[in-house]
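Trainee: I would like a close look at one part of this model. Please take me through the charged pairs, one by one, and then the greasy surface.

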Amino acid sequence: MPPTIAVDHLWKVFGPKADKVVGTPLADLPRAELRAQTGCLAAVRDVSFAVEPGEVFVVMGLSGSGKSTLVRCLTRLIEPTSGEVHIDGEAVRAMNPKRLRELRRHGVAMVFQHFGLLPHRQVVDNIAYGLEIQGVGKAERHRRAAEVLTLVGLDGHEHQYPDQLSGGMQQRVGLARALATDPAVLLFDEPFSALDPLIRRDMQAEVRRLHAEVGKTLVFITHDLAEALSLGDRIAVMRDGALVQVGTPEELVGAPADDYVADFVREVPRADVLSLRWITRDAAPDEVLEDQPLPAGTVIRDTIERVLRARHPIPVVDGDERIGVVDAEQLLPALTGHRPPVPA
Amino acid sequence: MSTAVTDVTVPAEAVDPAPDPAAPGPRRKLPGRRTLILLLVLATAAVYLVVRTSAPADDDNPWAFRFFSGVRDWVDANRDTSPLFLYGFNYLRLGVSLLVDTVHGALYGLGWAGLVAAAGALAAVVAGWRIALLAVAGFLSFGVLGLWEESVDTLVLTLSAVLLAVLIGVPLGVLAARVPAVGAVLRPVLDVMQIMPTFAYLAPMTLLFLIGSPAATIATLIYAIPPAIRITALGITEVPKSTVEAATALGSTRWQLLGKVRLPLARPTIVLAVNQAIMMALSMVVITALIDAPGLGQTIVQALERVNVGAAFDAGLAIVVLAVVLDRITTHAAHRAAPTTHRSVRLRLAGPVVAVVAVVAATVLGRMSSWGAEFPAAWRASFAVGVNEATRWVEFHWYDATEALKNVVSAGLLDPIETVLTTTPWWLFLVVVLIFGALSSGPRAAVIAGLAVAGLVGLGLWQHAMQTLATVLVATVATMAFGIVFGVLGARHDRFALVMRPVLDAAQTMPSFVYLLPAVALFGASRFTAIVAAVIYAVPPVVRLVERGVRDVPATVVEAAVSSGSTPRQLLWKVQLPMARRGLLLAANQGIVMVLAMVVVGGLVGAGALGYDVVAGFAQREDFGKGLAAGFAIVLLGVLLDRLTQGAGRRADDNRLRRPAT
Ligand SMILES: Nc1ncnc2c1ncn2[C@@H]1O[C@H](COP(=O)(O)OP(=O)(O)OP(=O)(O)O)[C@@H](O)[C@H]1O
Ligand SMILES: [Mg+2]
């Protein structure tokens with residue numbers, strides 16, 4: 001099966017001579033220098049990645065790193081400068097306007113940081129908007145809107161107007177609107193950064209629940225590391241328009257590709273994210289070991305009690321193969337935040 | 001596409017095709033507003049069919065006309081004996097007359113060379129050398145067009161009126177901003193003044209001040225003062241609170257606050273107020289030709305009476321040039337007046353000194369030399385012949401097309417509407433205004449509109465008012481249609497907006513009279529001509545408001561709609577236009593008021609009805625009462641239309657908040 005989204009050497013350059021940058025030596029300049037020389041801004045620089053069906057793919061980075069631009073290039077809300085995007089194997093940049101609209105109507109929906117609700121329409125008609133422009137009849141689209149309304153927990157609010165709802169509820173409407181057309185892919189551009197922390201946590205739980213229930217492919221933009229770690233199957237870290245690392249939360253925390261990523265993950269409680277795999281050592285030749293091994297994929301925090309109570313080091317196995325042992329000495333640096341050795 | 005989100009995770013064979021019984025179906029709504037309005041419209045139509053009358057002519061000499069004629073006779077008899085005139089209006093007239101004579105003497109005393117130099121020098125000092133060049137070229141063009149004296153006369157009246165408007169308006173504006181009671185009293189007065197069509201001011205002025213320059217100056221003053229007050233008040237209220245607070249904390253007195261903080265910070269806005277006053281004054285001064293004020297307006301009125309488009313064109317051009325020069329000087333002065341602009345003291349003093357020297361030199365040279373007495377005839381040039389030829393060509397070649405357009409609109413739209421309106425009994429009209437006014441704008445506005453209707457009846461000009469109303473309605477529909485099309489185009493295509501903007505700018509600096517010219521050139525003298533002029537006059541601001549409304553739709557909402565796969569047309573109809581609704585209603589309100597003003601002026605070129613009554617009132621003594629009554633009728637019509645549409649704009653906002661949430 002092809003990946004749901006495949007991005008290949010994607011560039012987006014803003015500015016007067018945007019199309020004269022890619023493929024020339026200018027493209028290799030750092031962002032600031034390019035800007036000083038040409039007045040052009042490379043918002044997305046040579047980005048490639050693939051998102052598998054059903055995956056939650058998080059894009060993370062500081063403000064201005066190009067996340068929003070990247071995600072808008074996927075459905076050409078912003079026209080890419082060069083490179084290619086495939087969705088379900090189909091080249092997006094080759095689509096004519098009609099086909100592109102089809103993709104936006106049925107294939108890919110988006111949830112926005114500032115909601116983008118229509119203030120002159122009731123909640124139910126906001127949600128049904130996508131169906132309405134496809135020509136779905138009123139009865140049918142309202143039935144469908146009521147369904148997704150239930151799904152996002154907004155029963156009873158269908159005849160209110162957006163400005164009568166709290167921010168969290170408005171974003172639920174935004175979410176429902178995206179779900180109403182039953183797209184295979186949902187794009188989220190910092191959907192919860194305008195909400196206060198408690199509601200944000202609620203909404204994250206909501207997204208996790210929905211993902212479990214409806215099994216869509218999600219691309220989720222955020223600059224909040226906790227959000228990224230809690231939602232993402234894989235996380236891409238962007239800096240100045242380029243991807244610096246793509247990996248699972250564990251890989252990011254365990255093996256940051258550079259100081260930028262390391263800086264990002266410095267505050268993360270390592271024992272909560274890393275598995276035993278990252279802290280095993282080889283057993284000494286004649287060492288006495290516990291009988292019962294631990295699987296290598298177990299998160300460190302869940303093994304604390306057993307390791308500390310054990311009289312001998314515990315073997316760690318990956319399937320049938322023993323990859324090493326752990327004891328309290330291995331555990332402590334992970335708990336206190338010392339940088340662990342990079343696994344071989 | 002599957003029918004429900006939840007289906008996606010369920011194996012295909014487990015999908016239950018029956019809709020979820022718990023999902024609420026579409027709710028049945030109670031018969032809504034829309035149904036109610038439809039029923040009311042049907043009922044109105046039915047009642048109309050039963051009670052319509054056969055359009056009787058208005059009473060020839062109703063009570064109101066006799067009353068106004070009586071007033072006039074009384075004034076004429078007592079002008080030199082009644083204390084009201086002896087110590088009031090007559091002194092006012094003398095004072096204004098003195099002012100006008102002084103300005104007149106000053107401008108003519110400079111001689112043409114001196115005046116051109118003075119315009120250039122003033123522009124150079126307050127607005128920079130580019131504008132100075134424009135001013136010199138502009139003033140020279142008055143002489144070149146052979147309209148030197150007429151132009152200077154117009155300038156004299158404009159400057160006199162603006163001088164008074166600023167002297168009275170700026171302090172009033174400050175007061176209105178600082179004393180809430182004054183503001184509260186002034187606001188409704190200004191509201192009414194701003195919807196009064198120019199024509200309505202004229203007759204009362206002649207009654208109080210006779211005809212001629214003083215009456216013209218005072219009419220112009222009244223017309224130009226509302227923006228001076230409004231914008232000044234705005235400038236004062238907009239001074240940042242924090243700055244005022246800081247100055248207060250340092251111990252400033254109220255007067256110090258005003259003189260050292262508020263006024264200096266509001267200076268650019270006050271210059272803008274002057275700019276607006278000048279533009280309004282100029283457009284009014286031209287119209288006061290109807291009450292015998294000298295100047296370019298006279299040239300146009302006389303040319304229009306003879307349907308000599310060419311002669312009117314030269315004068316129209318001179319007015320436009322004057323408008324552009326005055327506008328540029330004052331807008332640039334406003335920019336320069338910003339408190340952040342700093343220039344060195346030496347430069348600040350040197351400019352005026354050089355300017356004064358230049359003006360004196362030009363004046364003296366002009367006085368001494370033979371060519372300085374009168375603008376050299378050798379430099380004359382006129383477009384009259386060319387324009388007349390072009391007009392004749394158009395008449396000859398486009399006659400069928402223009403005539404067809406005129407006839408189709410007249411027969412297909414204007415006549416039916418006029419017939420319906422004139423055959424509706426006034427009481428039915430009143431009931432309709434009350435009911436629909438209450439529905440669209442609330443009971444308060446409906447009552448005011450109803451009173452206006454009653455006033456029209458009382459004035460004995462019902463038929464004429466309805467004829468004018470029919471013309472206004474047709475012109476408004478056309479104005480809105482053009483305005484929305486161009487406004488939407490401008491909002492959606494930056495390049496189009498870029499081309500359109502200077503055209504709109506130019507259109508909005510032109511005095512209303514000028515718009516009659518192309519209309520007359522194309523369509524001769526008729527009701528339709530007035531409609532065309534009104535549309536040309538009112539479209540620019542409507543385009544502006546529509547464009548702003550559509551552009552103000554938040555980008556985030558537009559993006560969300562596009563990302564759902566909206567076509568450009570769906571985006572326009574389902575998102576941009578509904579969200580711009582307030583802007584559209586505001587545009588309709590502005591448009592209708594401007595259309596009324598122009599349709600009335602169209603009385604000069606064959607539009608008949610109220611506008612003609614006003615003009616005739618100046619021309620024939622025995623029609624004075626009718627003319628004055630027509631002036632009031634125009635005001636009442638303006639109030640009626642304004643209340644009905646302005647309320648609708650306001651309601652568009654809170655309507656939906658007021659609807660109970662279910
Ligand atoms: N239309 C545009 N024209 C020019 N530059 C743009 C445009 N849109 C974005 N940029 C620039 O591109 C860069 C990346 O912007 P982008 O909005 O993608 O960042 P982001 O990572 O989403 O930031 P944030 O977290 O603040 O949303 C920024 O420097 C921004 O100024
Ligand atoms: Mg962003």
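Is B:Arg527 buried, partly exposed or exposed?

Mentor: B:Arg527 counts as partly exposed, because its relative accessibility is 23%. Keep in mind that this is a predicted model.

Start with the partner. The side chain of B:Arg527 meets that of B:Glu418 in a salt bridge, 2.8 Å from N to O. B:Arg527 belongs to helix α21 (residues 527-551) of chain B, and B:Glu418 to helix α15 (residues 384-423) of chain B, so the bridge ties together parts 109 residues apart in sequence. B:Glu418 counts as buried, because its relative accessibility is 16%. The cut-off for buried is under 20% relative accessible area, and exposed means over 50%. That is why 23% puts B:Arg527 in the class between.

A network also involves chain B. Salt bridges with shared partners join A:Arg121, A:Glu132, A:Arg141 and B:Lys574.

Now the wider count. Over all chains, a search of the whole structure finds 33 salt bridges. One of them pairs A:Lys67 with A:Glu190, with 3.7 Å between the closest N and O atoms. This pair links distant parts of the chain. A:Lys67 sits in helix α2 (residues 67-74) of chain A. A:Glu190 sits in the loop between β7 (185-189) and α8 (197-214) of chain A, and the two residues are 123 residues apart. A:Lys67 is buried, with a relative accessible area of 4%. A:Glu190 is buried too, at 9%.

Turn to another pair in chain A. A:Arg172 and A:Glu206 meet through their side chains in a salt bridge of 3.2 Å, N to O. Distant parts of the chain are linked here as well: A:Arg172 lies in helix α7 (residues 167-180) of chain A and A:Glu206 in helix α8 of chain A, 34 residues apart. Both A:Arg172 and A:Glu206 are buried.

Last, the nonpolar surface. A patch there consists of B:Val47, B:Trp426, B:Trp427, B:Val431, B:Leu434 and B:Ile435. Together they have about 500 Å² of accessible area. Helix α16 (residues 426-441) of chain B gives the largest share of the patch, five residues. B:Val431 is found in that helix. B:Val431 counts as partly exposed, because its relative accessibility is 39%.

B:Arg527, in a salt bridge with B:Glu418, is partly exposed at 23%. B:Val431, in the nonpolar patch, is partly exposed at 39%.

Notes
Residues numbered from 1 in each chain as written. Chains lettered and ligands numbered in written order. Predicted model: local features only at pLDDT ≥ 70, side-chain atom pairs only at ≥ 80, totals over all residues. Heavy atoms only, no water. Patch = residues over 30% accessible without salt bridge, like charges linked within 9 Å, V, L, I, M, F, W, Y side chains within 5 Å. Areas by Shrake-Rupley, 256 points an atom, 1.4 Å probe, with all protein chains shown as cover. Salt bridge = Lys/Arg side-chain N within 4 Å of Asp/Glu carboxyl O. Helix = DSSP H or I, 4+ residues; strand = E, 2+ residues; numbered from the N terminus. Buried < 20%, exposed > 50% of the residue type's maximum accessible area, 1.4 Å probe, protein only.
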